Amino acid sequence: MKPVTVLVIAEGPEATLLRAALARCEVRVAESSAERSVALAIAGAKALSESPDELVKRLEPRRIEVVGIAVGLSPKARKRALAAGVREIHERPRRWRHYSELVESVVERFARKKA
């Protein structure tokens, strides 16, 4: 499987949780979207609900796909994010094991698609 570089677009505890889950995968976490090797961005609730249009517009020219993982995202925010070009949105599982498995499956699926 081709290695994937993932950009984390989340804040606070959400970012910490996502980085911990990514540590279990064979990925590199990018420090910014300016890095040439970034291919996938995983966004949290704040980015998905506040500015999905701007987020996708900024990343799309570099062919960085955006996947959302959020808890309690309103149906309106979910619809707006998908309309903006977010590829998929998953409800964040409450249990760590299920959450880390979800992150791993998103990264694996993306890596296979890019290979």
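On a 1 Å grid over the protein atoms alone, a cavity is a set of points where a 1.4 Å probe fits but cannot get out, and its lining residues have an atom within 4 Å of a point. This model is predicted, so local features need pLDDT of at least 70 and side-chain atom pairs pLDDT 80 or more, while totals for chains, interfaces and linings use all residues. Numbering starts from 1 along each chain as its sequence is written, and side-chain values use heavy atoms, without hydrogens or water.

**Stop 1: the cavity.** Select Ala-10, Glu-14, Leu-18, Ala-43, Gly-44, Ile-69, Arg-92 and Tyr-99. They line the largest cavity. The whole structure has 1 cavity of 30 Å³ or more. About 40 Å³ lies in the largest cavity, counted as the space filled by probe spheres set on the points.

**Stop 2: two helices.** Select residues 52-59, helix 3, and residues 75-84, helix 4. Helices here are DSSP runs (H or I, at least four residues), numbered from the N terminus. Their axes, lines fitted to C-alpha atoms over the stretch in contact, come within 8 Å and cross at roughly 20 degrees. Helix 3 and helix 4 are therefore roughly parallel (angles under 35 degrees). Now show Pro-52, Asp-53 and Val-56 of helix 3 with Arg-80, Ala-81 and Ala-84 of helix 4. These residues make the contact (heavy atoms within 4.5 Å).

**Stop 3: Ser-33.** Select Ser-33, in the loop between strand 2 (27-30) and strand 3 (38-43). Strands are DSSP runs of E, at least two residues. Ser-33 touches Leu-7, Arg-58, Leu-59, Arg-62 and Ile-64, not counting residues up to four places away in sequence.

Technical notes: 1 Å grid on protein atoms, 1.4 Å probe; cavity = no way out; pocket = protein on both sides within 12 Å on 5 of 7 lines; lining within 4 Å. Axes fitted to C-alpha atoms, helices over the stretch in contact; angles between N-to-C directions. Parallel < 35°, antiparallel > 145°, perpendicular 65-115°, else oblique.
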